[in-house]
Amino acid sequence: MPAAEPESLSRAEMKVMKLVWRLRRAAGREVVAAASEFNWQPSTVKTLLRRLVEKGHLHATRVGNSFLYEPVEQPVPALRRALDAVFEHVHDDLTAPLLAHLVKKSRLSDDEIAELRRLIDAKKGRSR
């Protein structure tokens with residue numbers, strides 16, 4: 001039986017996940033230090049880490065009196081699921097403006113732009 005998908009993330013939880021993805025594997029104190037940019041109390045970060053473990057996004061291993069945190073999955077599948085949830089609630093007429101916004105906000109390599117062109121061309125060919 002496949003594992004259940006992790007629960008959706010709040011904005012604060014996503015910030016912590018981005019830190020852990022960047023660190024790849026981190027002690028709680030490392031995540032607290034990295035989260036200093038948000039001006040959160042250490043207890044806030046620890047609460048968010050606990051929630052992320054409970055929701056299935058992080059795996060925690062006790063090491064002495066601390067925990068070592070590792071992401072359960074890589075960022076792309078998690079972010080795809082988040083986008084899928086957004087697009088489930090979007091009226092079809094809003095899809096193109098939202099996609100355009102994502103493209104405008106993104107830093108894309110030439111290869112990524114070429115891949116987007118291929119996808120659009122393929123989509124265009126199917127809609128005729």
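Which residues touch the most other members of the largest nonpolar core? The close-ups below include that view. The model is predicted: local features need pLDDT of at least 70, side-chain atom pairs count only at pLDDT 80 or more, and totals for chains, interfaces and linings use all residues. Residues are numbered from 1 along each chain as its sequence is written, and side-chain values use heavy atoms, with hydrogens and water left out.

**View 1. The largest nonpolar core holds 18 residues.** Val16, Val20, Val31, Val45, Leu49 and Leu58 touch the most other members. A nonpolar core is a set of buried Ala, Val, Leu, Ile, Met, Phe, Trp, Tyr and Cys residues joined through side-chain atoms within 4.5 Å. Buried means under 20% relative accessible area, exposed over 50%, and partly exposed in between (1.4 Å probe, protein chains only). H1, helix H2 (28-34) and H3 each give two or more residues to this core. H1 gives the largest share, six residues. Helices (H or I, at least four residues) and strands (E, at least two) are DSSP runs, numbered from the N terminus.

View 2. Three strands form an open sheet in the order E1-E3-E2. The pairing is antiparallel. Strand E1 (26-27) and strand E2 (58-63) stand at the edges, each with a single partner strand, so one side of each has no neighbour in the sheet. Two strands pair if DSSP finds at least two bridges between them. Six bridges join E2 to strand E3 (residues 66-71). Val63 has Ser66 of E3 as its bridge partner.

**View 3. The structure holds two aromatic pairs.** Rings of Phe, Tyr and Trp (its six-membered ring) pair if their centres lie within 6.5 Å; planes under 30 degrees apart count as stacked, over 60 as edge-to-face and the rest as tilted. Phe38 and Trp40 have ring centres 4.7 Å apart and planes at 40°, so this pair is tilted. Phe38 is partly exposed at 21% relative accessible area, and Trp40 is partly exposed at 23%. Phe67 and Tyr69 form a tilted pair, 6.2 Å centre to centre with 40° between the planes. Phe67 is partly exposed at 31%, whereas Tyr69 is buried at 9%.
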